[in-house]
Each structure stands twice: as C-alpha cells, then as structure tokens.
Amino acid sequence: MPRFSVIVPAYQVQAYLHECMASVLEQSFTDLELIAVDDCSPDAGGAILDEFAAGDPRVRVVHLKENVGLGRARNAGMRYATGDYLVFLDGDDTLTPHALRGIADRIKETGDPDVLVYDYARTFWSGETVRNVQAGQLHEEGPAPFRLDDRPGLLDVLMVVWNKAYRREFVEQEGFTFPPGYYEDTPWTSPVLMAAATIATLDRVCVHYRQRRRGNILGTTSDKHFDIFDQYDRVFAHLDAHPELAHWRPVLFRRMVDHLSAVFLKRDRLPRGSRAAFLRRARAHYGRYRVRGAGVPSRNRLRHALVRLGSHRAYRALWAATRLKRRAGRLAGALGRGIRAGALRLHYGVQRRLPLRTDHAVFGGHAGRGHGCNPGALEAAFRTHAPGMRTAWIAEPALHHTVPTGTRRLTPGSAAYWTALARSRYLVGNTGFHPRLVKRPGQILIQTQTGTPLKHMGLDLQDRPAAARDTDFAELLRDADRWDYCLSGNRHSTLVWERVFPAGYTTLEYGQPRNDVFQKATAADVARLRETLGIPAGTVAVLYAPTHRDYRRGPRTALDLERVLRRLGPRFVLLTRAHPRYRAPLARSGGRLIDVSDHPSVESLCLASDALITDYSSLMFDYAGLDRPIVIHADDREAYEAARGTYFDLRAFPPGAIARNEDELIDIFATGHWCGSRSAQLRAAFRERFCPYDDGRAAERVVRRVVLGETAGLPAVVPPRERRPVPSAADRNPSRPLATVPTPGVRVPVVDGP
C-alpha cells in the first residue's frame, strides 16, 4: 500500500500534462501511485498518459468513455486509490520539487491527521510567481493536529481540493465525493474541513497553480457558471444534515455572497444575456440562506449590496458614489502632498544659501535601510578618528533603532533630512542620494559601493534588459558626476568602477570598511552573537545567503533546506538569509533552520557562522577575509550569466568547492571537501586577490585621507597571510574541531530512498 495516491484528471491540457506528470514522478519521495484519469479528452492527453504508464509501473491510467467533468473524473480516480492519503493535482498544475517528502514528513510529525493543508503559488504565463496571499494562515505554531474550530482562519485560504492531502479512510468513512458541474470544489472543501477530527498545516509551497493566458475552464464564458448555485445548495444541505455545524452558517453565507459576486463581476464568465438572470438567482440565494446578524467586513459591503439587491443598475449607482468618495479623498491627499512637497522644496532652497557646517556628515545606505554596510563602518570611524564630527544617519522610522546612540536620526523626505543634505560638508552613501540633491561647492560626496562586483554593474547593464529594467543610465551618470571619492576593495573593483561609472572622482583603493570588524572582533563577540541568534553550543552554523535573480520576480530557494539539514546531520544548523531586495524570508524558522533575513547586520551573521553557502553574491568576497570555508552552489549558472553577466568565470577562480546541484552540495559536506586542504588553498588564493587591504583599518584610512587631509603616512596594510581574523566557534572547539565533521572516509549517499 503506497503512502500517497496522486489523482490527476486530464481534459484538454495536453500542452501542460507532461510537466504535470513529471513533477509527480520525479519527486524525491517515491512511495506513491499516480492515477491519471483521461476524461475522454479530444486531444492527445490520453496518449500522453499511456506513454507515462508504459514507462513507470506506478502510473495507472483510467480512460472514461464520456466526458464527465472534473469532479466525477476525480471520483473515478478515487475508486482505484489504495494509498494512505489522497492528493489531487489538476492536469495543468505541478508539484514543487520535494513537495511529497515535505508532506510526508509533516503528516508523520503530526500523527497522521485526517487533512493536511499546504500552500501554493500562482505561476503566470508571463513567468511571474506569486505566493498565496493567505499563507500566514498555514503557520505551524501551536498544537497540531487541531480541529477547524481551533483555527477558523483556514477557511480564508482558497477553498480548492488540490492544496490538501486527505487520509483515504477518513474520506471513505464520511462518504465524500465530488458533485457534477463547475465549482465542484465548493461542496467538498468546507464540509471536509468541518468533518475532520484532526487537521494539520504545512507552511510550504507544494503546488504551482498555473494561471493560463487562455483556456482555463473557469475563465470560459458559459451558462455553466450557474452551477455555482447548485453547489452552494449542497453546502447548506450538508449543514442542515449536521446541526452541530450550525455555527458555521454565517461564515459560509459570507463566503457564498463573496463568491457569487466574484463570478458576476468577472466579465469573461457570464454571457451578456445571462447576467440579469444570474443576479436574480443570486438575490434568491441571499434571501434563502441569509443569517440575521452576520457581520460583513466593510471592504465587502458593496459586493453584498449587489447580491442582496439583485440589481446591477443599483449596484452601479452605489459603486459610482463610492468611487466618487474615494476620488475626492485621493484628490485631497494629493493636494496636501503637493503643498508639503512645495514647502520642502522652498525649505531646501533656503538652506542651500546658508553656510556649510564643516563638522557635519550625513550617511545613508540602501535607500533608507538601517545602520550598516560600508557607510555604517565609516560613520563609526568618523566619530572615532575625527573628534568633534557630528554625524547623522538617514533611515526609515521603523529602523531608527539600528542607529547608534549619539548619531542623529533622519527620516527620508523630512525637513531635517533636506537641511542635512543642504548644509553638511560630508555626504556618504552606498547608493545614489535623492535625484534633487544639488551638490554645493565645498561638499564632499563619498560613494562607498556595496562590495566587490562579480555581476555586471552600471553601464555594463545597457545590453542586459532583464537586469537593467527601468535603470535611467543618464541619471546614473549624473549621480556619478557628483562623487568626489569612490571606495574600492581591490584592483579588480577599481577597474570595474572606473569603467562602468565614468566620471571625475578619485578612487580610494583602501579596502572594504564594513569588513574591518572581521579583524577586530573577539571570540567573546562571536559567542555573544551566536547566543543572540539561538545557535546551539557545539553546532556548526552554515550561513546560506543567495543573491537575487534578475530573471525572477520573487525570492528563490534553490535548495530543499530541510532535506539538506537532514543529510548533513544533527550537528549542523542552517542560517538562511534572503536578499534584501525581496523583503521576504527564504524559509520559516524552526528547529535547526534559523531565518536571519531581517537581521540588520550581515557582518554579524558572518562572524556567528562557521561556513558560507552562496551562489553569485558579493558576500563571498567579504567572507573570504574571515578565512572560513565557502561553498558555491551554482545550479543556474547559464541562466544567471545570460540575464546578468559576470566579470569572470567563478569556476576558474573559486573561493572554495563548487556544487552544480543539491546532491553535489550535500556530497561536498558529507566528504569533508568543504573544509579540506584543497578548499583552504582556493580560499587563500581568492583572499590574496580580492582582500588585499581588508586588514581592519580600511575605514580609518578613508577618514584620514578625506577628513583629516593626510596623503602620506596612512596605516600600512597588513598582508593577508599575516592577518589573524577571529576564528569560528567550531574551530575553537578542541574536542570537536571543524575539520573532523563529518568523519573522513565516510561517504553519505546523495540520493534519497523511498
């Protein structure tokens, strides 16, 4: 008896069916049967299914003699199911890699619940992927399993059949089947959740829900959309047959009204001549199932009015009045904003005519983010090496807490912000300042950059439309023309910056100020950081920090992080950090998986970790200065280089071992190559080339040159081989040194079994 019976109905989805079937059969969890139902499809779908069955004994194809629709096709598949759990997948959707393994693990962890609800993401024909907006309802905190009464918010998640796994014996005992017609999920999902004695959730995207440009059944204009009324009749009949569920009636009534209005308001669903009849039936359903006192959220009141009145003309009048009210509010807001903007422009103009404050410096990083990076290190150095200097940091109010005590906090766009830009002698940032900044005579602007460039930057993006997107190259050059100094960490960076940002600035090849802390931190600092992050004592903490992808809109998790952790063993902890551009975590923290995407200091994360896994991120150049193991996971090198381009082939000059896929990455750790002698040799050569000045005094050199005017006698550079950065916590453990994890000679298999 297999663990899962995956049921895939197919009707006119031949273009997507191969991808759907492969997504199931290529799962790392193999204990499954795939029951594919050919719903008498007129295309080649049936033949495609037969080809899969001929090549894999886990596939069983059921050919129906007539087209019965999606619901009855699923029923046909269920009759042949023998698995512990039923999993449904539409023929144009796909399972994500390792989804069934994640589902199986969560089912086991929660004691075989009746229903497991997992997440999905919409994948659009344009290439965009958007996660379910109600993903927060699938958190795994608190008791599990539970009943629906304990987590009623689950009903806010899209009520479809394919985002859940169902214990087959539970479904058979309750007698659940799918009705005929459109919207067949409606009388299945809510009753199933209400009947389940045990429910669990999995906060993980397991299904990619394809949003087809054309051809989606529910997007077809047809009178079959009237089936929705019969489906809700079935839902409320189920409630009538189970009086103990009466308290769910208000919730389902509101859902029905929202659903009916959604069908009506989508222009591509109802034939023009049927719209009035649909509203009349909707009004009848409203009166038949209305629950007195059922509250309606303010955002949905207009929709409820449409269904209650049953008159499109009345609805249009209400809609026009509401729209007029909103427009008036927007106009008033725009007028207020215009007046404020004009006042600030006038204020800035007045401040520019007042004398410069030679003892004032303004710092900022990444358009209002918290204190840190190269500007943060320079801000501290200004206060240390230029006594009497008054510093200010530009940050959004929510991040003011990251600014050190004694440093003034500036909110972008405020009057104080414009005063500081107008009157401070020193302006320091790692991105461009406001386009309206007028650089005054006597002001000094320092562009710190954000690290050593591997990917193409500046003018080199002109022939990379995916990466350049809306870049205004004329504005980019105007901004560079305002720079007095540009910081560089090595000769490679100097050559790149001067070519891609051609202007009259002076390059200061002094090192990366943000990396000074790596040479100054102590073992006590590392221990404190690890304790703050919740890293258990005696573990090996690996920082996983991939960069963003210009050819993808959302965050990318190329690895099954839970699987990687399982294979590495109990001594390893994984710190996951998403690129700041995405403003979303790579994974949810739990157990030995710790998400650190919101941590304000990447330098602190580097100090707390024992090794780094990255791809094409410039973080590898900084981390090399710590002299700790680096592993490159480059599974999409061709796509990345095609979209963004790189300045050199990382394979020819890597900072450590390189993995082309997840199994190779696991093997690198399993065999000890990640911290072996060859890795150390590669890292040493990489450090010599890209970290020649990162000896802990880069920020001091900048301040002495720019602020104190010293051109000679700057601190001498300590050669890389003579530096002694603080060792990792694992390297300081004499009883369990880093080099002995895992035991040499023991090769862990890299292919999962069933």
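**Strand S6 and the overall fold**

Buried residues (under 20% relative accessible area, 1.4 Å probe, protein chains only) make up 53% of the 754 residues in the chain. This is a predicted model, in which local features need pLDDT of at least 70, side-chain atom pairs count only at pLDDT 80 or more, and totals for chains, interfaces and linings use all residues. Residues are numbered from 1 along each chain as its sequence is written, and side-chain values use heavy atoms, without hydrogens and water.

User: How many residues of strand S6 are buried?
Analyst: Strands are DSSP runs of E with at least two residues, numbered from the N terminus. S6 covers residues 115-124 and is largely enclosed by the rest of the structure, because the buried residues among its ten number eight.

User: Which strand runs parallel to S6?
Analyst: Two strands pair if DSSP finds at least two bridges between them. S8 (residues 164-167) runs antiparallel to S6, with three bridges, and there Val115 stands opposite Tyr166. S7 (residues 129-131) is also antiparallel with three bridges, Arg122 being partnered by Val130. Ten bridges, among them that of Ala121 with His208, join S6 in parallel to residues 199-211, strand S9.

User: What is the radius of gyration of the chain?
Analyst: The radius is taken over C-alpha atoms, and the globule rule is 2.2 Å times the number of residues to the power 0.38. The C-alpha trace spans about 90 × 70 × 45 Å along its principal axes. For 754 residues a compact globule would have a value near 27 Å, which agrees with that of the chain, 30 Å.

How values were computed
Buried means under 20% relative accessible area, exposed over 50%, partly exposed in between (1.4 Å probe, protein chains only). Helices (H or I, at least four residues) and strands (E, at least two) are DSSP runs, numbered from the N terminus.
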